[in-house]
Amino acid sequence: MKVKVMIPTPLRPYTENRDSVEVEGNTVSELLNALTQKYPQLKRHLFSEDGNLRSFVNIYVNDEDIRYLDGGNTSVKDGDVVSIVPAIAGGN
Amino acid sequence: MTNAGVVELNREEFLRYGRHLIIPEVGLEGQRRLKSASVLIIGAGGLGSPLAFYLTAAGVGRIGMVDFDVVDLSNLQRQILHTTKDVGRSKLESAREKLESLNPNVKIETYEMRLTSENALDLIKEYDIVVDGTDNFPTRYLVNDACVFLKKPNVYGSIFRFEGQVSVFYADKGPCYRCLYKEPPPPGLVPSCAEGGVLGVLPGIIGTIQALETIKLILGIGELLIGKLLLFDALKMKFRELKLRKDPECPVCGENPTVKELIDYEAFCGITPEQTLHQSGLEITPEELKEKLENGEDIILIDVREPVEYEINRIEGSKLIPLSKLPEKVNELDQTREIVLYCKMGGRSARAVQLLRELGFTRVKNLAGGIDAWIEKIDPTMPRY
Ligand SMILES: [Zn+2]
């Protein structure tokens with residue numbers, strides 16, 4: 001299944017400046033794997049060395065944080081939007 | 001927020017706030033609440049400017065501002081509190097002048113200092129609401145934790161380029177910032193506005209949303225962004241709202257908190273790649289670089305900024321390889337030669353130096369302070385941005 005993943009501004013340099021990318025997968029993990037295979041530089045921004053999602057990056061399926069769904073095993077269906085939401089600190 | 005009954009409006013204020021008074025949701029009672037409320041704004045910059053203007057105009061009784069910076073010409077593209085004649089002046093002095101002339105009924109209190117673990121609690125406890133308009137992770141975590149401990153609402157906003165985030169963190173009624181992000185990114189991984197840029201109007205939009213939420217909090221009306229994260233994408237002109245939940249394992253507001261007092265937030269957020277290189281002597285000063293170049297030493301000089309920055313200014317003889325392109329271009333570099341990397345201020349090039357060192361390069365150094373330092377020390381005729 002093809003699902004749209006929204007790429008936040010700070011990570012767009014690693015996705016050829018695309019603000020969203022359509023990738024194939026049935027779960028969030030599959031989508032993120034497909035995404036980091038397509039854009040290998042993205043990987044270290046999303047995952048730590050031990051393969052866990054970094055603590056300053058959250059993944060949402062529609063408006064819900066996957067930490068409160070099924071984590072990486074959260075299944076996705078047609079029309080879902082997956083968002084990568086990293087911490088940003090600018091304000092000045 | 002509770003003793004609204006005791007303050008009265010004067011004749012001038014009835015007229016000044018007339019458009020508020022005739023809205024049933026605000027009215028005289030609401031305007032009295034605003035007058036008896038106090039708000040502490042952290043940062044008198046991009047977000048702090050529109051925030052302070054609108055809260056002052058709305059008649060919030062007492063407004064505190066914390067900042068330690070002076071106005072720079074490069075601030076004026078977005079920090080609307082300050083004008084051209086304020087360049088070089090303290091931001092807080094400049095802010096006080098504008099705000100007092102906008103509304104002399106408001107008591108403006110300024111704190112010319114860096115917010116730290118030593119002073120944060122004493123300062124924040126004097127205010128009803130805190131609005132976070134800072135520009136760095138250590139201060140954001142500090143403000144969050146202090147607000148959790150003091151049970152104060154923290155109206156949060158942050159920006160990057162074309163994108164903004166807003167929420168109201170209020171641990172008594174919902175999640176806090178640490179429920180959303182347990183830990184900050186390692187220093188240098190997420191560029192700051194100074195490095196990444198910000199569209200001038202964006203802080204205006206995000207700051208006014210923060211002001212709006214602050215006023216709703218004071219008035220007790222409408223639905224607040226408690227438990228919600230509002231995302232704004234200026235290019236797409238889209239607002240999206242995500243759900244935030246209180247994390248039972250949150251280290252500060254969870255069921256078994258591990259952080260029970262303010263900590264060392266600089267240490268918590270880690271030392272920057274730039275500081276690491278400085279400590280291990282892997283940097284070169286502008287003066288040293290100039291001497292080497294003049295002596296005709298064999299140096300590969302690499303500019304890791306973006307093409308648009310390179311167009312504005314560059315050190316003669318440098319080659320442009322933007323940081324994001326470095327991994328794919330690394331094969332073009334000769335490991336045996338001396339390499340010096342630079343960017344605007346030394347942050348991005350420090351990451352580039354680390355990257356090359358991880359790949360086995362041993363003769364790489366970071367230009368301390370970047371091209372900004374080069375302009376200051378070596379060539380003041382070069383354009384700055
Ligand atoms: Zn929390």
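By about how many helical turns are B:E29 and B:R33 separated in helix α3 of chain B? The model in which this pair is found is a predicted one. B:E29 and B:R33 form a salt bridge in which the closest N and O atoms are 3.7 Å apart. Because the two residues are four positions apart in helix α3 (residues 27-36) of chain B, they are separated by about one helical turn. Side chains of opposite charge can pair when their charged atoms come close. Over all chains, a search of the whole structure finds 40 salt bridges.

Salt bridges also link the two chains, with a count of seven between chain A and chain B. In one of them, the side chains of A:E64 and B:R245 meet with an N to O distance of 2.6 Å. On the side of chain A that touches chain B, at least two residues each are supplied by α2 (43-46), β3 (57-61) and β5 (81-86) of chain A. The largest share of that side, four residues, comes from β5(A). Its composition by class is 15 nonpolar, ten polar and seven charged residues.

The extent of the interface can be described in residues and in area. In residues, 32 from chain A are in contact with 49 from chain B. The size of an interface is often given as the accessible area lost when the parts come together. Between chain A and chain B the buried area is about 3,300 Å², and carbon and sulfur atoms give 51% of this area.

Chain B also supplies the protein donors of the zinc ion. These donors are the SG atoms of B:C176, B:C179, B:C250 and B:C253, lying 2.3 Å from the ion. Angles among the four donor atoms run from 95 to 120 degrees, and the site is tetrahedral. Along the chain, the donors follow the spacing C-x2-C-x70-C-x2-C. Distant parts of the chain are linked by the pair B:C176 and B:C253, which are 77 residues apart. B:C176 lies in the loop between β6 (163-169) and α8 (177-180) of chain B, whereas B:C253 lies in the loop between β8 (238-243) and α11 (265-269) of chain B.

Technical notes:
Residues numbered from 1 in each chain as written. Chains lettered and ligands numbered in written order. Predicted model: local features only at pLDDT ≥ 70, side-chain atom pairs only at ≥ 80, totals over all residues. Heavy atoms only, no water. Contact = heavy atoms within 4.5 Å. Buried area = accessible area lost by both parts, 1.4 Å probe. Salt bridge = Lys/Arg side-chain N within 4 Å of Asp/Glu carboxyl O. Nonpolar A, V, L, I, M, F, W, Y, C, P; charged D, E, K, R; others polar. Donors = N, O, S within 2.8 Å, 3.2 Å for Na, K, Ca; no water. Tetrahedral: all angles 85-135°; square planar, octahedral: opposite > 155°, others 65-115°.
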